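Hi there,

Here is the structure I promised to pass on to you. Have a look at it first, and then read my notes below.

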Amino acid sequence: MLRHRLMGLMLALVAFTGLTASGANAEDRFIIVQSTTSTQNSGLLDYLLPIFKEKTGIEVRVVAVGTGQAIKNAQNGDGDVLLVHAKPAEEKFVAEGWGVERFDVMYNDFVIVGPANDPAGVAGSNDVVAALTKIAETKSPFASRGDDSGTHKAEKRLWKAAGIDIASASGDWYRETGSGMGATLNAGVGMGAYIMTDRATWISFGNKGDYKVAVEGDDKMFNQYGVILVNPEKFPNVKAEDGKTFIGWLIGDEGQKAIADFKIDGQQLFFPNASAGNS
Amino acid sequence: MHNFASSFIYAAQLLLSGDPELWAIVLLSLKVSLSAVGIAALIGMPLGAALAVARFPGRGAAVILVNSLMGLPPVVVGLLVYLLLSNAGPLGVLQLLYTPGAMIFAQVVLVTPIIAALTRQVIEDLDSEYSEQLRSFGVSRLKSVPTLLWDARYSLLTALLAGFGRAVAEVGAVIIVGGNINHVTRVMTTTIALETSKGNLSLALALGFILIGIAIAVNAALGMLKSTAARSAYA
């Protein structure tokens with residue numbers, strides 16, 4: 001009797017396992033997109049993907065990580081499409097044969113956010129290089145992603161432009177969290193540090209405290225997103241047709257309009273510019 | 001400041017609202033972790049029991065190894081399983097990456113040593129009590145394993161619960177091999193991580209309360225099973 005009951009429990013567990021293993025339905029038509037946290041955390045993809053699925057029947061499964069990790073994952077063939085924001089790294093990805101072709105999709109911009117008391121006196125500035133120089137001079141805390149993401153790469157370019165050696169300040173006023181944008185914002189707000197973030201993540205971020213955008217509007221803080229099909233010649237498992245359909249939709253009229261339509265609190269977060277940059 | 005009480009109420013509201021998305025996430029968490037514990041038990045219990053009764057050179061080292069593996073960092077397991085299941089890896093052909101199957105795989109790796117190590121301890125104690133008796137019946141050491149496991153079944157529930165606790169609470173492994181894909185591989189812990197990174201701290205905390213509630217419910221269910229089973233056994 002009892003033996004049966006315990007056996008039953010075991011069998012139930014195993015049956016449960018069988019159910020779950022078959023949960024990944026083979027008939028499901030889906031592609032995997034390696035993308036960045038900003039497109040997911042802002043809610044953009046949650047808005048776009050159902051529209052795309054409605055039209056084509058293709059489900060898009062998004063793995064949202066930093067741009068650096070997204071590119072690495074795609075180089076392992078773990079994804080069909082790459083949607084990230086680090087143009088030099090994307091061009092390298094295509095040049096090395098990992099991807100087929102790169103298309104501009106949309107842009108937004110980076111901003112530097114800081115505490116209301118503004119210890120470096122940079123609030124209202126639209127000159128990012130001057131602002132970073134002031135932050136370094138006053139040794140005001142600055143929280144960096146430190147994770148080789150698109151935002152981190154852009155931030156490092158700006159420090160370089162300002163001629164500041166951040167490596168020597170690491171662990172002092174320059175603090176690398178080594179984590180995603182949201183985690184870095186949480187940490188930065190907690191320690192009263194300046195933080196560079198893409199505007200979309202900032203607008204949709206829910207734990208702003210007394211933080212405000214301090215530096216914005218510099219052309220150097222332009223943030224371009226690109227989309228690339230992972231090369232099916234390298235990885236035969238890449239779903240090239242469905243991937244192409246998704247890219248075509250994203251950079252076509254419908255996708256571009258959908259991107260422009262996505263707003264939070266009435267603010268547009270991403271600006272489509274596919275036709276402008278694509279030859 | 002975030003108010004714990006208001007998060008607690010928020011958690012109750014979330015549950016009562018019957019939000020299908022939330023329930024799907026809760027259900028997936030249970031499916032993945034219970035499956036992992038089930039498989040890990042099938043591997044870990046015989047392994048732990050065999051380790052308890054067998055006598056072979058290097059046994060001491062094997063015991064230390066299994067005990068140490070209880071502390072496997074989830075993020076390392078996630079990375080190893082990712083490298084195995086990646087399309088560039090040896091098990092890429094299985095196409096398991098970014099599916100619940102991959103998450104179960106990773107949690108089995110995490111949980112098996114816990115179940116094996118706790119089983120070994122329980123069975124070793126039991127064996128020292130009964131070994132003479134079993135030997136006198138002419139039962140060899142390894143053949144006594146099923147008997148010992150059966151006799152220790154109630155104590156072994158604790159090993160299962162320890163394994164379940166580990167599986168359902170970890171985020172490091174499942175977020176790497178599952179990818180936290182909405183409606184596919186998003187479980188409680190990865191949702192909490194995501195909402196925290198969005199700065200939705202009270203929602204994240206409310207989800208945390210729900211996760212703790214699930215753990216309590218599972219423990220209570222097994223506890224009740226144990227006591228009713230024990231009662232009927234001695235009745």
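Let's begin with a term: two residues are in contact if their C-beta atoms, placed from the backbone, lie within 7 Å. Leaving aside neighbours within four places in sequence, Ala106(B) is in contact with Val77(B), Gly78(B), Val81(B), Ala173(B), Val174(B) and Val177(B).

Some housekeeping: this is a predicted model, in which local features need pLDDT of at least 70 and side-chain atom pairs count only at pLDDT 80 or more, while totals for chains, interfaces and linings use all residues. Residues are numbered from 1 along each chain as its sequence is written, with chains lettered from A and ligands numbered from 1 in the order in which they are written. pLDDT is the predictor's confidence in each residue, from 0 to 100; its mean for chain B is 92, and 98% of the residues of chain B reach 70 or more. For the complex, the predictor gives an ipTM of 0.81 and a pTM of 0.86.

Now to the core. A residue is buried if 20 or more other C-beta atoms lie within 10 Å of its own, exposed if 12 or fewer, and partly exposed in between. A nonpolar core is a set of buried Ala, Val, Leu, Ile, Met, Phe, Trp, Tyr and Cys residues joined through C-beta atoms within 7 Å. The largest one here has 139 residues, and Ala106(B) is among those with the most contacts inside it, as are Val81(B) and Val177(B). Which helix gives the most to this core? It is H5 (residues 100-136) of chain B, with 17 residues. Helices (H or I, at least four residues) and strands (E, at least two) are DSSP runs, numbered from the N terminus.

Is Leu30(B) buried or partly exposed? It is partly exposed, because it has 19 other C-beta atoms within 10 Å. Leu30(B) is found in helix H2 (residues 20-53) of chain B, and its C-alpha atom is separated by 9.3 Å from that of Met188(B), 158 residues apart along the chain.

Chain A has twelve helices and twelve strands, and 47% of its 279 residues count as buried. Two strands pair if DSSP finds at least two bridges between them. Strand S4 (residues 99-114) of chain A runs antiparallel to S9 (residues 222-230) of chain A, joined by eight bridges, and Tyr107(A) has Gln224(A) as its bridge partner in S9(A).

Enjoy exploring!
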